[in-house]
Amino acid sequence: MQNLLHRSLYEELSEALARNAHEIWAKRLKDRLAAIGGGLHCRLVPFELLTDKEKQKDLKFYQDLVKYLHTFGYRVVKNFHDRNATISSLASRVASASTLINDKRFAYSLLEKLLEYVERASITMQNYKESSKFSLHETYRLTTQDVKFFGKVVLPLIEKYFQAHRNYFIIPPSLKTGVSCASVKEKEMSCSLFCKLAFLLRQKFSAFGNDVSITVRCLKVLVRAIDVSSVMRNSQEMVRASLLPLFNNIAEDLNQTVQNLEQNHYSNIKGTLQRGTTSLGYIHMVLLPVLSSLLDHLGKNNYGVDVFENEIQLAGYKILNALWIIGTKGTKLVDREWIIEELNRHLPLIGDCLSSFASCFPVAFFEPEFNANNKNASNVSQLSPEAHDVMTNISRTIPNLTNLIADIEEHAESRVKYENAPYVVEVILPCLCSYLSYWWSMGPEKVKQITEPPITNVTSNHMNSVLGSVLKLINNNIDAIEAPWMKRIAAYTQTIIFNSSTNLVEPYFLPVSQRIKLKCEDSYAQEQSLKNATRLESSEREDLELNLMKDYEILVRDIYAFGPLLIKYVDIHRSYWLKNSDKYAEELYTNMAEVFSIWCKSKYFKREELNFVTTHDIDNTSMLMPSGTNQTTNTNITKTSDEISGKQRKKKRRLDKEKFTSLNVACTKRLLPIGMNTFGGREQELVQLAKHKMIEMKIAHDEEIENPTDEQMISDITTEQEELIQEFLEESFRAQEQGEIIKKNNWQSILYRKIGSKSYHSGVNHSEETSIKNMLKMAKVLFGLNFVDHPPTHRRGTWRKLVSTQRKKAIMACFRMAPLHSVTRHRAMNMFLRAYQEIWLETEEDIRARLIEDLCNISHDINEQDITTMKEETETETESLTLTITIKPDPLKQLLQCLNRAATTAQVFSITDDIIYLSYSTIMSK
């Protein structure tokens, strides 16, 4: 139906334009013929008398014109000159037609309604003091029906709608995706909705109550559906009325919070006043999450250059200054313990905000000496005296890039504990990594035009230095109990690896892998000792098992801090290591292969990794995707178009559940070509033969067991099987050395024998025993990878026991419990009465509390002289029956009134021993 209405509007407007074009052409032709003495033409007739073929000449052109204007969001402005009256009428027609088309759209109508609801809620909502809830002049119902409707219906609708239709609002019309896109007016309305909802939450923060969380979620979803570039280009009034006040309010709240911290205004920091926009609760709950989503959206879509201009750029500097002071110096400004704990708890959120800010701000704020060369850097200091003071404070607060990197290196070398300087890894490092990855593309190594002056000096040396410091920090905190930052450090450090050098293996990557290997071997040794200890008591075994699980949890945390960095680094430099042999890279593979071998044998290791990924909601897919040498950012628009065109693939992926991929498996697979490169041709053939031999022996061994236990289901071979494989390798290796062929007509053996071993090319000679041990280790790694990728068929339907011993005992205790129907009647009644008393009677509201509620209601005093007259009329005769009823006052209220008067008079001695008055005062005091 909507398409039919659009089509009729298009046809009507196109026909009007074609008629007007015909009249203009006819007038000009008539004037031309009159100038030469007169004449006739076959088309000098009204537009309605033309044939269909003659009409199509103009009609087809204007149909395409109307579609073009509507698709690309153009607006035709009316001209008020008298000599262009005809053109102005056409312009008004086009504008009115576009308005009608917008009115028929569902998104336009919905946005109008949502804006209306926000306006209505802003009028109805009222901020209440805490004391007003217990006042005699206020009721207990603080919200009206429309406010409840706004919180229960409007806010969830905004969240779900913009989450599902985000692409409709941000995809530009020039990108032909095969679907419709929003008009300019709809994009302006979505921006206005976000700004008004944010302003409403800021003004009426205390009135939202429990709806604050869903409002923040709505703002975070809504901001990702705003085409800021279109709004900045087409609607300067919207920028002045909405976006500029939004950034100014954020800057004002953050700077006021800094001022409260500096002046120790604890009531404002805690939010005990009615206006709570400068409290830490509002900052951490509302402002920082919304600001982080806003800046992240600007950075991913390259909107920062369009937004941060003039006054908004000045507001951006204020936000940067305030966030840097709160994140790095906030705990030093106060001495209250609860404020310090609150600030330290939300340092990662401040780091995310600064990281997003660094990825979208178009001025290199760590390098102010290049601002004069940057065309996007507005002359902010000349806007006002206040702006000059802001830039002076920025130069004092924000350090230089070189000094900042030097401070991070010093922090990593000095082995400072996390508790002493948490802001270094939580605030400074995320901001610096995002800054380096953003400005390297505009630095001297990327930009080859020497004629233009440089706007930044970020090079790959800065990235390598910061990456080395991060790896040192990880190495210093391996096996540390208190290191929560290691769960997050890999997320923002991956952006600076794409331009790293190959010289970082020996000083940085290799020591970390060695420490992880030693920690893994130690934990596995404890697991084996616990497994062999059969004479321990149950309590001692539970304590040892709990300590072992904690050790494995810390080990998994360390691996997830180091593994993603290692995967990205190996993807970039693997081809170089395959061409140029590197002993440090081979040693790196050996260490990670040992960790993988222990992972295959340990059930606690696998269980804790799965628990870690589930608890922290980690997406392994983003870590395991292969990365190239270029920075892969700012591809949001192309991704959305691919998602639109690939809906079938999306549905298929939802139906087929993706299997969990361990990070240990991914690291081993990425390093596997480097490990295989250490062997020659015939050695690689022996490794493959040994792997197949292990698979056959494992399958034959598992088929003999009907119900395998946890130890038997582990993807590892026994000691006897390992000895048999070693004997097989020794025989095969000696046979190849003597020139014998293992199988007849085996051309691969002949080819590998001609190629020779790797030691001939590398110049490193290994003994026969060392070569066989290396081949056996490689075969076990390949066997483990094959076991992970292709589990045996008889194991796929079995139930994997991943429950700890403590939980097993709890489950068995539940099974041993007697059912309720088998319990005797008097015991069941006792259990029911006890549960009824605890769940219902003790938690029920005290009846005496109703006394306070009745007394707080506004009562109308009824005197004894008031008379109610009742009249009854019968159908047969008209008679009036008058009844006089005297309503007596409530004795309870009379008693309480007497008690109140007696308490306020001077005769206090007569009431202190009164039992009724003491009971009344006890009730009212509660």
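Tutor: A residue is called buried here when its relative accessible area is under 20%, and exposed when that area is over 50%. With that cut-off in hand, the part to examine is helix α35, which covers residues 768-789. The model is a predicted one, and the mean pLDDT of the protein chain is 77, with 74% of its residues at 70 or more. Over residues 80-84 the pLDDT falls below 50, and that stretch has one contact in the model beyond near neighbours in sequence; over residues 130-142 the pLDDT is likewise below 50, although eight such contacts are present there. Where pLDDT is low, the predicted coordinates should not be read in detail.

As for helix α35 itself, its 22 residues should span 32 Å at 1.5 Å a residue, and because its end C-alpha atoms are 32 Å apart, the length in the model agrees with that expectation. The buried residues of α35 are Ser771, Ile772, Met775, Leu776, Met778, Ala779, Val781, Leu782, Phe783, Gly784, Leu785 and Phe787. An α-helix has 3.6 residues a turn, so residues three or four places apart point the same way.

Residues 24 or more positions apart account for 78% of the chain's contacts with a separation of 6 or more. The chain exposes about 53700 Å², of which carbon and sulfur atoms supply 52%.

Elsewhere in the chain, the largest nonpolar core has 209 residues, and those with the most contacts inside it are Phe162 and Ile474. Helix α24, residues 538-579, gives the most to this core, with 16 residues. Leaving aside neighbours within four places in sequence, Phe162 is in contact with residues including Leu111, Phe169, Leu193 and Val221.

Technical notes: Residues numbered from 1 in each chain as written. Predicted model: local features only at pLDDT ≥ 70, side-chain atom pairs only at ≥ 80, totals over all residues. Heavy atoms only, no water. pLDDT = per-residue confidence, 0-100. Contact = heavy atoms within 4.5 Å. Areas by Shrake-Rupley, 256 points an atom, 1.4 Å probe, with all protein chains shown as cover. Core = buried A, V, L, I, M, F, W, Y, C linked by side-chain atoms within 4.5 Å. Buried < 20%, exposed > 50% of the residue type's maximum accessible area, 1.4 Å probe, protein only. Helix = DSSP H or I, 4+ residues; strand = E, 2+ residues; numbered from the N terminus. Expected span 1.5 Å × (residues − 1).
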